[in-house]
Amino acid sequence: MESPLLKTKFHIPARRREILPRPRLTQRLTRNIRRKLTCICAPAGFGKSEVLYDWMATNHPPAAFLSLDERDNSLQRFWRYFITAIQEKIPRVGNSALALIGSIQIDGTIQSASMETVITELINDLVLISDPLVLAIDDFNTIEEPAIHQWLSFFIDHQPAQIRLIIASRSEPSLPLNLLRANGQLCEFNATDLTFALEETTRFLNRFGIDDLPAKSVRLLQERTEGWIVGIRLAAVALRDSSDNDAFIQKLSGDHRSILDYLTDEVLSRQPPEIQRFLIETAILERMTGSLCEKVTGQPNGQDMLEVIERSNLFVMPLDDERRWYRYHHLFRNLLKNRLNHDRREGVDELHRRASEWFERENMPAEAIDHALAARDDHRASMLIERIDYLQMLYNDPASFSRWLQLLPMGLVMQSFRLSMSCAWSFYVAGKLDEVKVNVKNALGTLGIVNIESINWVKAYTGKLAEPLSEALALLTISGILRRDYTAATDITRQALDCLPQKRGLPRTLLAWAVGVQLINEGEPRDAYHALSEAKSFSLETGDDLTAATIGIHLSVSLILQGRLTEAADTLKDIRDWCAGHAASPFTIGHALAGLGWIHLEWHKLDTAEKYLNKSLNILLKGGYYLNEEAGYGFLAQTLLVRGETSGALEILKKARGLGLNSGAGSWADRLRILQVRCWMIQGKYEAIEQWIHERGISPETPAIYSNEAALLMAATIWISRRRHKTDKKALKWTIRKLEKLESDATASGRLHSSVQILISLSLAHRVAGDQNKAFGFLAQALTQAERSGLIHAFLREGKEMRTFLREASGLGISPVFVHKLQIEYKTRQNNNGHARLIDPLTDRELEVLRLIAAGLPNKEIAGKLSVSLNTIKTHTTRIYSKLGVNSRSQAAIQARERKLW
């Protein structure tokens with residue numbers, strides 16, 4: 001659901017006839033372009049943009065361009081424009097970063113790890129560019145959001161060697177300028193540099209046709225304006241129609257603002273009345289086109305007027321080659337607005353209202369709403385907000401949507417179901433889930449519904465309340481699930497879904513999605529699969545591909561729980577590939593990668609699993625995207641445990657404890673605690689294990705239900721390890737009965753993933769109890785079921801006891817092919833254990849570079865062999881050193897041998 005970007009913001013304005021070439025500045029810019037950053041910083045009216053446009057029109061390397069305005073003070077919006085500007089020159093570079101931008105603002109705070117991932121992905125793409133590229137950013141002074149300055153500083157710190165930035169700004173940006181100065185990486189132009197010299201003032205006047213002004217008058221004009229370009233330009237416009245040039249120049253005095261006020265009065269007063277009126281009334285517009293100006297002013301021939309004004313050099317700039325869209329010079333527009341507000345205050349609202357109507361007609365709702373609010377027409381603004389595709393707006397520009405709602409009177413919002421729901425959706429996207437509940441209840445109150453539990457759904461869905469009730473209930477339920485309140489309104493949701501008309505749409509999609517997620521939490525993956533498949537198909541039918549992809553994450557979980565791992569992997573790969581080409585949210589791509597990590601863990605492809613999980617956690621770090629980042633920690637801890645890295649697994653689990661998880665039975669906090677108990681068993685921390693058994697309430701009275709499944713499996717492992725004690729034998733006996741009940745339920749519900757794990761525990765338990773027939777019987781069932789899906793991890797995590805058991809099973813001819821595969825995996829694991837693993841694994845290309853380094857090849861020769869630039873090899877070498885914790889080629893080679901990296 002990607003909102004369109006204004007293409008005119010990437011268009012370098014055409015060189016106007018009156019712009020004076022300034023070779024002393026453009027040549028200096030060219031000489032210093034190898035520096036990381038060029039900052040053209042001066043107050044308004046000093047010709048910053050003109051110098052930039054002139055240089056870009058005549059110089060190389062290729063330059064991408066981006067102009068900014070006040071609406072770009074959103075982290076998402078700024079970086080979408082930043083990346084897309086680069087793509088105007090180099091298509092597809094930054095696609096992965098663009099796909100990650102999505103939701104990066106939660107509870108009003110920036111999720112640093114997620115934003116770091118976005119920029120890291122962009123930088124990694126740019127590193128691969130062989131040719132130099134310049135990105136020029138105009139009007140950077142409009143950016144006031146501190147987080148944008150923070151992350152642009154991060155980009156500059158790690159900027160690839162072939163990338164250069166040029167920034168034009170009225171004020172010094174909050175970037176690491178002192179450090180860049182100290183390192184010789186900054187080129188600066190200030191007001192003194194940009195001021196017209198006397199010779200330039202003379203040439204500029206000549207271009208305006210003023211070539212008979214005496215030299216002393218030119219010097220006086222230069223002195224009075226202090227070389228201030230906009231002042232000289234306004235004076236030139238006025239001088240063309242002046243009968244006494246010397247007298248006119250003599251009147252110039254005072255500071256820049258006084259001169260500007262005077263010159264503006266002079267310039268305006270000399271224009272025909274229709275031009276004066278046109279200029280003042282269109283000052284409310286950031287961008288103008290002919291028909292828009294006609295609507296606002298009520299005058300005909302809007303396009304002709306714009307062209308006349310452009311030919312008269314009255315500070316209007318074309319924004320496209322066709323000269324359909326224009327904008328005023330910022331300073332000139334501000335002066336015109338001041339005049340409008342001073343002379344026609346009562347009529348300003350009407351001008352904004354007309355602009356709002358034009359933008360509404362042209363299907364540009366964001367601009368229509370902005371002008372309605374500027375017109376103080378709250379009812380019109382609320383009507384436009386109620387009609388907007390709020391989900392698309394929320395996903396792409398949540399800051400603007402939230403701002404609109406805040407500008408409306410609260411009383412007006414609370415009287416409207418749609419506005420209350422818009423507030424609820426706004427809080428939903430921002431992660432303020434408690435506020436979602438408050439606003440949904442207020443929305444229901446506008447329908448006369450005080451108690452949602454008392455609704456007669458059959459009656460409700462036969463009337464006009466069906467659609468709004470469905471949407472409200474769906475959002476209430478989904479937000480409840482995201483708060484990990486898995487019982488919130490689910491019974492009512494299912495009842496509502498049964499009553500809901502078959503019309504496809506968002507309400508039915510969300511209701512089916514909520515039911516599917518709840519069925520997963522209840523251990524019913526087959527039923528969940530059907531509900532989620534229905535929800536996904538509804539999304540696809542309505543063209544909501546992002547929601548369909550996000551539902552696909554939960555759909556893959558239902559497949560994994562059924563043991564359909566290959567289907568789940570294919571589903572997640574499709575989601576991952578779709579995200580790579582679209583502006584998908586970090587939630588979606590992060591959890592797709594986590595799911596792939598889980599599957600590869602089950603297949604015992606540990607390197608691949610670890611790669612997926614680390615990348616997923618890097619995206620979802622520190623919460624912020626609502627669901628199951630804790631699952632990634634759990635799977636990563638399991639991966640390290642299988643490798644024999646108990647301390648590393650405990651460190652991962654320690655990080656997970658900071659997520660603020662709920663701790664009910666079956667929750668991820670519960671599961672992570674169980675993983676910690678498994679680590680304690682390896683470390684022999686029996687007192688801690690006993691305390692967990694007591695705190696978790698494991699006893700003969702513990703219900704044999706899905707939410708207790710993981711805890712009972714862990715208890716069985718504990719009792720098996722303590723088989724010498726009589727009390728543990730009794731505990732093992734009643735635990736076996738509960739596991740048998742769980743296995744029966746798992747089979748009935750289609751939970752093959754659970755069934756395999758339970759059967760393994762039952763086989764080991766009966767083996768300890770001395771009933772070998774039952775032991776081999778349960779093991780045979782586990783092997784048969786696991787072989788179909790490739791569930792290997794469940795066996796290998798059991799360690800030495802299972803390895804011996806499998807050797808005996810092989811002798812009896814039980815699942816010979818699969819057992820042989822497991823034995824090979826055990827042998828490989830034994831060979832690999834004891835060697836330290838990298839927290840951040842080397843990529844295939846980094847391994848290739850490391851092999852050549854270890855072989856003694858110099859960087860230049862490595863670059864030649866791999867057909868890449870020397871800078872690329874240096875970048876790879878730096879990353880290799882960082883990952884291995886070394887600072888020399890010889891140390892890297894030693895680490896490679898010790899870690900057995902190939």
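Analyst: Start with residues 622–627. This is a predicted model, and over residues 622–627 the pLDDT stays under 50. The model still has 29 contacts for this stretch beyond four places in sequence. Residues 833–837 also have pLDDT below 50. That stretch has eleven contacts in the model beyond near neighbours in sequence. Where pLDDT is low, the predicted coordinates should not be read in detail.

Now set these stretches against the chain. Its mean pLDDT is 81. Of its residues, 84% reach 70 or more. Among the elements, strand E3 (residues 105–106) has the lowest mean pLDDT, at 40. Helix H15 (residues 290–297) has the highest, at 94.

Next, the charged pairs. Side chains of opposite charge can pair when their charged atoms come close. The count is 33 salt bridges. One of them joins Arg327 and Asp139, at 4.0 Å from N to O. Arg327 sits in strand E10 (residues 325–328). Asp139 lies in the loop between strand E5 (133–138) and helix H6 (146–157). The two are 188 residues apart, so the pair links distant parts of the chain. Arg327 counts as buried because its relative accessibility is 9%, under the 20% cut-off. Asp139 is buried too, at 8%.

Glu350 and Arg353 also form a salt bridge, with their closest N and O atoms 2.3 Å apart. They are three residues apart in helix H18 (residues 345–361), so about one helical turn separates them. Glu350 is partly exposed at 29%, and Arg353 is partly exposed at 26%.

Finally, a network of salt bridges links Lys9, Asp69, Asp72, Arg77 and Arg287.

Terms used:
Residues are numbered from 1 along each chain as its sequence is written. This is a predicted model: local features need pLDDT of at least 70, side-chain atom pairs count only at pLDDT 80 or more; totals for chains, interfaces and linings use all residues. Side-chain values use heavy atoms; hydrogens and water are left out. pLDDT is the predictor's confidence in each residue, from 0 to 100. Helices (H or I, at least four residues) and strands (E, at least two) are DSSP runs, numbered from the N terminus. Contact means heavy atoms within 4.5 Å. A salt bridge is a side-chain nitrogen of Lys or Arg within 4 Å of a carboxyl oxygen of Asp or Glu. Buried means under 20% relative accessible area, exposed over 50%, partly exposed in between (1.4 Å probe, protein chains only).
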